[in-house]
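Work through the exercises below with the model open in your viewer. Try each task before you read its solution.

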Amino acid sequence: MLTAEENRTLTLTGLGTPMGDVFRCYWMPALLSRELPAPDCPPVRLRLLGEDFVAFRDTDGRVGIVEPHCSHRGASLFFGRNEGCGLRCVYHGWKFDVHGNCIDLPTLPDDVAERVRPRAAIRALTVAEWGDVVWAYLGDGDAPELPQFEFATVPQSHRYVSKKLQQCNWAQAVEGGIDTAHFSYLHAGVENGVKVSLLQALGSRPLQPGENEPPSVASFRWMANDGMPHFDVIEHDAGLVLAASRKTDGADLYYRVTQFLMPNHSLAPGSWPGGNQLGNTWVPIDDHSCWIFCYAWNPERPLTADERARWEKGSGIFPAMDADFAPRRNRANDYLIDREQQRRSTYTGIEGISEQDAAIADSQGLIADRTRELLGQTDLGIVRFRQMMFGAVEARAAGKPPHGLRAAAAYRLRSGDTLARPDAKVVDVLDARFGEQWGVGAAR
Ligand code: FES
Ligand SMILES: [Fe+2]
């Protein structure tokens, strides 16, 4: 439970807010590279942390993210002409490059233009294009090193990157991402009125005699059966690793391992060795909505055409969406909840894992009221996340770098699932699953 003041501190990221100051220390995914598909393509409007911008790709392919209003008389540069290495205001023709420099002032005589030019520059963010994502740094001074996420370092054929609109505050959506306890209910199935594995409810093929059930399939049953996973949370240089262990059919425990990486990223559980990795970044648009950037990648092989087609259509963390990245199932239509389906096959009656997550995060309110909640052991990750965010606010106020800012290399991590003996120490479980190169050890 938080006080009302703490809840505001955690959630609000506008200009001049304590958490807004923290966010402005880090790189933020601003848009997908494919939203600016070619040199001199149409500019796009952009809202980040409550601030408005226009983004464009110039003739040389460089991306600029600039304040939206022309310095002459404030016309919107969204309507500008993207031509000849700059964005030209269509009102009277002033022109700006990707750094915000005013490179043409055709309404003024040359000598006056030269005098006015320095004052005519507009704000431009520091921008980097990396991993098919346009990253922006909204802070003052020099940007830090880019966090070394694996998805951005693998060959392009190994990754699929998208984004989706979430219609609530960023922090409760992050809390949903790192709260892996909820899979036992929110993503469960129903059969004859009884909660069962999602796979069973969706009609998975029954095991044949003598056939071994792979843990990737059995895990859905273990999740449905054990709604009280035990959480261990370990701090590392980039954030937190959260290990949730559940009972299995035998003596071993089933571990789902999630990474929280400062200030707004997570790597999702659910993958087994050799499988695809999944990650998310929650970027506040304003205090009541955020973009969730979603990454899928395989460290060992290119993604298949089938996998890409499935994600484009909507599967797993990727919802079915309109062309503007708005999920088809959303606040306005109650996520197309089907009460008959809720009675007969899925716990929520809402189709899609991503849609179930979105619905329930939105349902907590535009900003969840954390003055009224009752947290228990399965919420340990949430508690540690909030503590880390408050620690970052304190560090920033004291003029120190917040957690993870100077640890770009420590973001080179993986998440995933494993089985372990019940007496195994969590650090040993993590080492055995991820190895030194990708485990917690690598992040310290
Ligand atoms: S307002 Fe942009 S050139 Fe006049
Ligand atoms: Fe979920």
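**Exercise 1: the iron site**

The donor residues of the iron ion (ligand 2) follow the sequence spacing H-x4-H-x169-D. This is a predicted model, in which local features need pLDDT of at least 70 and side-chain atom pairs count only at pLDDT 80 or more, while totals for chains, interfaces and linings use all residues. Residues are numbered from 1 along each chain as its sequence is written, chains are lettered from A and ligands numbered from 1 in the order in which they are written, and side-chain values use heavy atoms, with hydrogens and water left out.

Task: State which atoms coordinate the iron ion (ligand 2), and classify the site.

Solution. 
- Step 1. Apply the donor rule: N, O and S atoms within 2.8 Å of the metal (3.2 Å for Na, K and Ca); water is not among the atoms, so sites may look incomplete.
- Step 2. List the donors. They are His 182 (NE2), His 187 (NE2), Asp 357 (OD) and Asp 357 (OD), at 2.0 to 2.7 Å.
- Step 3. Check the angles. Among the four donor atoms they run from 53 to 147°, and the site is irregular. Four donors count as tetrahedral if all angles lie between 85 and 135 degrees; four count as square planar and six as octahedral if opposite donors are over 155 degrees apart and all others between 65 and 115; anything else is irregular.
- Step 4. Place the residues. His 182 sits in the loop between helix H5 (170-178) and strand E12 (189-191), and Asp 357 in helix H10 (residues 353-363), so the pair ties together parts that are 175 residues apart in sequence. Helices (H or I, at least four residues) and strands (E, at least two) are DSSP runs, numbered from the N terminus.
- Step 5. Compare with the accessibility classes: buried is under 20% relative accessible area, exposed over 50%, partly exposed in between (1.4 Å probe, protein chains only). His 182 counts as buried at 18%. Asp 357 counts as partly exposed at 27%.

**Exercise 2: strand E19**

Task: Find out how E19 is covered, and which strands pair with E19.

Solution. 
- Step 1. Count the buried residues. Nine of the nine residues of E19 (residues 289-297) are buried, so the strand is largely enclosed by the rest of the structure.
- Step 2. Find the partners. Two strands pair if DSSP finds at least two bridges between them. E11 (residues 159-166) pairs with E19 antiparallel, over eight bridges. E18 (residues 277-286) also runs antiparallel to E19, with nine bridges.
- Step 3. Read off bridge partners. Leu 165 meets Trp 291. Leu 278 meets Ala 296.
- Step 4. E18 and E19 form a hairpin with two residues between them.

**Exercise 3: the cysteines**

Solution. 
- Step 1. Set the cut-off. A disulfide is a pair of cysteine sulfur atoms within 2.5 Å.
- Step 2. Cys 168 is buried at 0% relative accessible area, and Cys 294 is buried at 1%.
- Step 3. Conclude. The count comes to zero disulfides.
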